[in-house]
Amino acid sequence: NGSSDSTADRARAWSDRLPRLRVLDASTRRGPSAARNIAASQAHGEVLLFCDADDVADRNWASALVAALETADAASGSRRYDLLNTAPFGPSDWPEPTFTKKPLTHLPAASSHNLGLRAEAFAAVGGFDEAMRAGEDVDLCWRLQLSGYRLVGAPDAIMQIRRRTGLLATYRQAL
C-alpha cells in the first residue's frame, strides 16, 4: 500500500516455506481499508484474518480466531502491550476483545489489528469503507451486526500491540 521499507521483500523471503504466499501491490488505492479490501478480494479461503505489520501475533492467534468463527461471523482477539512497549499498560490501552463507542453503544466493535471474519459476511457488507480515514473498523463491525451478522470476542487470540510514544508519533501513525 505504498510502503517504502523492505516489508514486501521480507514477506517474499518466506515463499520457500509458504508456497502459496502472494505479495500484493495495493499502491493504486491508498489507506489501510484499501489494502485490506484488495487482499480480501484475492483470498480464496472461507475465513479472513486481519492484523497490522508492526504488531506481534501470539503463537495461537490464528487458531483461536478460527475457532471463534465456528460459531460467529466475526471475532476479535485480546490485546497485550508488554512485549513491544516499556510499560505493560498505558492510559488509552484496552485489553478486551471488543469495545463500545457512541452513538451505538449497544453494538460492540473491534479493531482491525486483531480481527477475523467469515469471507462471505465481509463481502456481503462491502468490506471496509475506503472513504473513511479513521474508524473504518468500527464502521465495519456495526454494518456487520446491523445486517444480522454476529461479532464475538475471542480472548485467547492475543495480539501484542506496539504503542506509539508521544503525541507526534501517535499523530504520524494516525496519518
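**Entry 1: overall figures**

I looked up burial and found that buried residues make up 35% of the 175 residues in the protein. I took buried as under 20% relative accessible area, exposed as over 50% and partly exposed as in between, with a 1.4 Å probe and protein chains only. This is a predicted model, in which local features need pLDDT of at least 70, side-chain atom pairs count only at pLDDT 80 or more, and totals for chains, interfaces and linings use all residues. Residues are numbered from 1 along each chain as its sequence is written, and side-chain values use heavy atoms, with hydrogens and water left out.

I noted six helices and five strands. Helices (H or I, at least four residues) and strands (E, at least two) are DSSP runs, numbered from the N terminus. The order from the N terminus is α-α-β-β-α-β-β-α-α-β-α. The radius of gyration is 16 Å, close to the 16 Å of the globule rule for 175 residues, so the protein is as compact as a globular protein of that length. The radius is taken over C-alpha atoms, and the rule is 2.2 Å times the number of residues to the power 0.38. The C-alpha trace spans about 45 × 40 × 35 Å along its principal axes.

I also checked contacts, meaning heavy atoms within 4.5 Å. Of those with a separation of 6 or more, 68% are between residues 24 or more positions apart.

**Entry 2: helix α5**

I went through helix α5 (residues 136-146): nine of its 11 residues are buried, so the helix is largely enclosed by the rest of the structure. Among the buried residues are Glu-136, Asp-137, Asp-139 and Trp-142. Their cover includes α2 (32-42), β3 (74-80), β4 (114-118), α4 (119-124) and β5 (151-160). After α5 comes Gly-148, with a positive phi near 100°.

**Entry 3: Arg-36**

I then turned to Arg-36, which sits in helix α2. Arg-36 counts as buried because its relative accessibility is 11%. Apart from neighbours within four places in sequence, Arg-36 is in contact with Phe-50, Asp-52, Ser-112, Phe-128 and Glu-136. I had already listed Glu-136 as a buried residue of α5.

**Entry 4: Ser-15**

I placed Ser-15 in the loop between α1 (7-12) and α2. Ser-15 counts as partly exposed because its relative accessibility is 40%. I found a polar atom of the Ser-15 side chain 2.9 Å from the backbone oxygen of Arg-12.

Conventions: Polar contact = N/O pair within 3.5 Å; in protein donor to acceptor, adjacent residues only side chain to side chain.
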